[in-house]
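Trainee: I would like to learn how to read a structure feature by feature. Where do we start?

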Amino acid sequence: MAEQAEVLRRAPLSRDRILRAAVALADEAGIESLSMRNLAQDLGVVPMALYKHVANKDELLDGMIDVVVSEIDPLVPDADWKHTVRERILSARQVLLRHPWAPLAIESRNMATPAILAYLDSMVGTIRAGGFSANLAHHVMHVMGSRILGFSQELFDAARNAGRSGATIPEPPAALPPEVATRFPHLAEIATAASHDDASVVGQGCDDQFEFEFALDLLLDGIERLHQQSWTSSGRPH
């Protein structure tokens, strides 16, 4: 960590250097310690120098999230969809374990960042390439929720619940603007592939009650299958 900080300190100031220094600071001292003043001190510059590269702390946080997401393993071409999705999610989980502040940071954003949109788009593309209809892919993404990015919103996790105000993983809107739809075609395809409800809290335009029941039934079916198999965690595959 000290060597990484020294390398960052010697490098010319740039947006990338600022973002990586901010990630390192959050990793070491927690996201609550992050301020433009503290970051400037770590980089050996005056705070105003940072604003030439990042407009404000919100833009800084978005950039930090994209740095973290960029560490997730890339797609494996021509691989089985289930294996690919599982391995990428496990890779995402390892990344977030290295950056424990990141899940709450992701949940705090009102809009998904470009790197998150690209990651989600690639995952939908993998599912669609596996033969799933756009409609089913739409509901699968709802079921996966934050797990698609390697973390889950645990009911009994007091540390994660502390400081949260009901935030959930930001989702792309139901109807993407044309320029965004062109960049993320798989997300655009599934965005309007299912029924919608303007009053939904699950995601803009999505049928809240249906998505809740769909996920619940899918989980209960899986639990029932494990029960019928007399499954135990001691006997699970590794």
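Predicted model: local features only at pLDDT ≥ 70, side-chain atom pairs only at ≥ 80, totals over all residues.

Trainee: At what angle do helix 2 and helix 5 pack?

Mentor: Helix 2 spans residues 15–29 and helix 5 spans residues 57–69. They pack at about 80 degrees, and their axes are 9 Å apart. The two helices are therefore roughly perpendicular to each other.

Trainee: Which residues make the contact between helix 2 and helix 5?

Mentor: Helix 2 contributes Arg15, Ile18, Leu19, Arg20, Ala22, Val23 and Ala26. Helix 5 contributes Glu59, Leu60, Gly63, Met64 and Val67. By class, this contact has eight nonpolar, one polar and three charged residues.

Trainee: Where is His53, and what is it in contact with beyond its sequence neighbours?

Mentor: His53 sits in the loop between helix 4 (47–50) and helix 5. Setting aside neighbours within four places in sequence, His53 is in contact with Leu13, Ser14, Arg15, Ile18 and Glu59. Look at Arg15: its C-alpha atom is 5.1 Å from that of His53, though the two residues are 38 apart along the chain. His53 is partly exposed, with a relative accessible area of 27%.

Trainee: Now the rings. What describes a pair of aromatic rings?

Mentor: Use the distance of the centres and the angle of the planes. A search of the whole structure finds two aromatic pairs. Trp81 and Phe132 form an edge-to-face pair, with 4.7 Å centre to centre and 75 degrees between the planes.

Trainee: Which parts of the chain does the pair of Trp81 and Phe132 link?

Mentor: Distant ones: the two residues are 51 residues apart. Trp81 is in helix 6 (residues 81–98), while Phe132 lies in the loop between helix 8 (114–129) and helix 9 (134–144). Trp81 is partly exposed at 29% relative accessible area. Phe132 counts as buried, at 16%.

Trainee: Why is the pair of Phe210 and Phe214 stacked?

Mentor: The planes of Phe210 and Phe214 are at 20 degrees, so the pair is stacked, with ring centres 6.1 Å apart. For the general idea, an α-helix has 3.6 residues a turn, so residues three or four places apart point the same way. Phe210 and Phe214 are four residues apart in helix 13 (residues 208–228), separated by about one helical turn. Phe210 is partly exposed, with a relative accessible area of 38%. Phe214 is also partly exposed, at 21%.

Trainee: How many residues of helix 8 are buried?

Mentor: The cut-off is under 20% relative accessible area. By that rule 12 of the 16 residues of helix 8 are buried, so this helix is largely enclosed by the rest of the structure. Among them are Ala115, Tyr119, Asp121, Met123 and Ile127. The cover includes helix 5, helix 6, helix 7 (102–108), helix 9 and helix 12 (185–191).

Trainee: What span does helix 8 reach, and what follows it?

Mentor: From first C-alpha to last, helix 8 reaches 22 Å, close to the 22 Å expected at 1.5 Å a residue. Just after helix 8, Gly131 takes a positive phi of about 100 degrees.

Trainee: And the whole protein?

Mentor: Its secondary structure comes to 13 helices and two strands. Of its 238 residues, 38% are buried. Of the contacts between residues at least 6 apart in sequence, 66% join residues at least 24 apart.

Methods. Residues numbered from 1 in each chain as written. Heavy atoms only, no water. Axes fitted to C-alpha atoms, helices over the stretch in contact; angles between N-to-C directions. Parallel < 35°, antiparallel > 145°, perpendicular 65-115°, else oblique. Contact = heavy atoms within 4.5 Å. Nonpolar A, V, L, I, M, F, W, Y, C, P; charged D, E, K, R; others polar. Phe/Tyr/Trp six-rings, centres within 6.5 Å; stacked < 30°, edge-to-face > 60°. Buried < 20%, exposed > 50% of the residue type's maximum accessible area, 1.4 Å probe, protein only. Expected span 1.5 Å × (residues − 1).
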